[in-house]
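Me: I am new to this structure. Please take a close look at one part of it, the aromatic rings and the strands around them.

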Amino acid sequence: MPFNAPAPPVLYSFPASAELCDALAHFIIKAQKESIEKKGRFTIALSGGSLPTQLNALIGKPGVKWEKWQVYYADERVVPLDHPDSNHLLCTTELFSKVPIPSSHIHTIDFSLADDLEELSDAYEKELIREFAQKDSARFPIFDLILLGVGPDGHTASLFPGHELLSEDDRWVAFIEDSPKPPPKRITLTYPVINHAYRVAFVASGAGKADTLHTVLDKPEEGLPASRVRPVGPGQLYWFVDDPAIVKVQYPRTPFKL
């Protein structure tokens, strides 16, 4: 598959969270449908934070083929899977426990390897290799969709401002032992993986994100981690936000339609 220069991000804004979440659900279902028609499965990576709650609109929506989903985590805290800090626990509580997705299709970290982060991240990379090697002939896996949030400091997944992982260009999965936000030990997908996806969508809401989104979208040259998410063509980057989150953003909005 030929890769081209990144396309400009598409910015969708909605008056309130309910409209945002409903539009995001329809967007995910359309991506799922296209992916299943093309190759019989839907590969998606999720992050934590407020995102799992924002996926609630998928529950009960017609057209979701949960049995075709293969779910990975864009980042994960190195804690037990039932720990309050676990992204997997959050996603399970908010979404997976309420829908008929096979548990074998949800790919978690192996916490038994927590004492050796290199081995733990290698094991998670092998999970990706099992899914993507041979099926998508590329140097890096090509996810159908990666869903991300953005922190007040502009971090996304577990890629933090000024951290050496921002320049990781070889590994699929990397570990961090000194996260500036607790807990300190995490694993994360790297930029080469994120930027080879067919679709990447940021989801952000609330006035507390206004300054961050202004910098990320209007001043990408400042290099905040979220600004460095630029999928190579034919990949496309989308932003799903509510109006309060972009009151300071000059970047042009696009009317939402499927």
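Reply: Start with one aromatic cluster. Tyr12, Phe14, Phe27, Tyr238, Phe240 and Phe256 form it. Keep in mind that this is a predicted model.

Phe240 leads on to the strands. Phe240 lies in strand 9 and is the bridge partner of Val203. Strand 9 covers residues 236-242 and pairs with strand 8 in the parallel sense, over 6 bridges. From strand 8 the chain crosses through helix 6 (residues 210-218) to strand 9, and this β-α-β crossover is right-handed.

Now strand 8 itself, residues 199-204. Of its 6 residues, 6 are buried. In a regular strand the side chains alternate between the two faces of the sheet. Here both faces are covered: Arg199, Ala201 and Val203 are buried on one side, Val200, Phe202 and Ala204 on the other. Strand 8 also pairs with strand 5 (residues 145-148), in the parallel sense over 3 bridges. There, Leu147 stands opposite Ala201.

Back to the rings. The count comes to 15 aromatic pairs. One of them joins Tyr72 and Phe132: the ring centres are 6.2 Å apart and the planes stand at 45°, so the pair is tilted. Tyr72 sits in strand 3 (residues 69-73) and Phe132 in helix 4 (residues 117-132), 60 residues apart. Both Tyr72 and Phe132 are buried.

Tyr72 also pairs with Phe143, edge-to-face, at 5.7 Å centre to centre and 80° between the planes. Phe143 lies in the loop between helix 4 and strand 5, so this pair ties strand 3 to a part 71 residues apart in sequence. Phe143 is buried too, like Tyr72.

Note on methods:
Residues are numbered from 1 along each chain as its sequence is written. This is a predicted model: local features need pLDDT of at least 70, side-chain atom pairs count only at pLDDT 80 or more; totals for chains, interfaces and linings use all residues. Side-chain values use heavy atoms; hydrogens and water are left out. Buried means under 20% relative accessible area, exposed over 50%, partly exposed in between (1.4 Å probe, protein chains only). Helices (H or I, at least four residues) and strands (E, at least two) are DSSP runs, numbered from the N terminus. Two strands pair if DSSP finds at least two bridges between them. A crossover is right-handed if, with the strands pointing away from the viewer, the path from the first strand over the helix to the second runs clockwise. Rings of Phe, Tyr and Trp (its six-membered ring) pair if their centres lie within 6.5 Å; planes under 30 degrees apart count as stacked, over 60 as edge-to-face and the rest as tilted.
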